[in-house]
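Hi everyone, thanks for coming. Please take a look at the model on the screen, and I'll walk you through a few of its helices.

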Amino acid sequence: MADVLRIQDLRAVSGRLLDAVEERFGAELDVSRAGVDLYWNVDLRTAFEVSNDPAAGIDVGQTSDDLSELRALLRGPADSMPVLWHDLQHLAGVLRLLAYLDLPGAGEGQS
């Protein structure tokens, strides 16, 4: 069952990775000091429908927008349902930034 996604496993690995991020970068990370706000993004349909030319599905994402959207989600009513396709993309943008900052040389000049 290697192709089965268990949410419990995803939650556990996310916690483990975020613990490592906190150890590496601290409990708070001033992403404005990272020097990268814009990034290349591949539209979801384009990313998973690989038989089509991806050029039309490439756009620009923005880390500051991702953070703003995630904060808005946290401030919203606890019983409101997130829009998964939208909110997960913003979370993915932030996670990709963390991965980028851990690349050798990418985080130089950061404190």
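Helices (H or I, at least four residues) and strands (E, at least two) are DSSP runs, numbered from the N terminus. What you see is a predicted model, where local features need pLDDT of at least 70, side-chain atom pairs count only at pLDDT 80 or more, and totals for chains, interfaces and linings use all residues. Residues are numbered from 1 along each chain as its sequence is written, and side-chain values use heavy atoms, with hydrogens and water left out.

Now, helix H4. Which residues of H4 are buried? They are Asp-87, His-90, Gly-93, Val-94, Leu-97, Leu-98 and Leu-101. These residues cover an arc of only 135° around the axis, so they sit on the same side of H4; the arc is taken from the directions from the helix axis to the C-beta atoms.

What covers the buried residues of H4? The cover includes helix H1 (7-25), E1 and H3, with contact meaning heavy atoms within 4.5 Å.

Let's take H1 and its meeting with H4. Two packed helices are described by the angle between their axes and the distance between the axes. Here the axes come within 12 Å and cross at roughly 50°. Axes are lines fitted to C-alpha atoms, for helices over the stretch in contact, and angles run from 0 to 180 degrees between N-to-C directions. H1 and H4 are therefore oblique to each other: under 35 degrees counts as roughly parallel, over 145 as roughly antiparallel, 65 to 115 as roughly perpendicular, and the rest as oblique. Leu-18, Val-21, Arg-24 and Phe-25 of H1 make the contact with Leu-95, Leu-98 and Leu-101 of H4.

On to H3, residues 63-75. Its buried residues are Thr-63, Asp-66, Leu-67 and Leu-70. They span an arc of only 95° around the axis, which places them on the same side of H3. Those buried residues pack against strand E1 (38-42), strand E2 (58-62) and helix H4 (84-101).

One last stop: Val-4, in the segment before H1. With 46% relative accessibility, Val-4 counts as partly exposed.

Technical notes: The expected span of a helix is 1.5 Å times one less than its number of residues. Buried means under 20% relative accessible area, exposed over 50%, partly exposed in between (1.4 Å probe, protein chains only).
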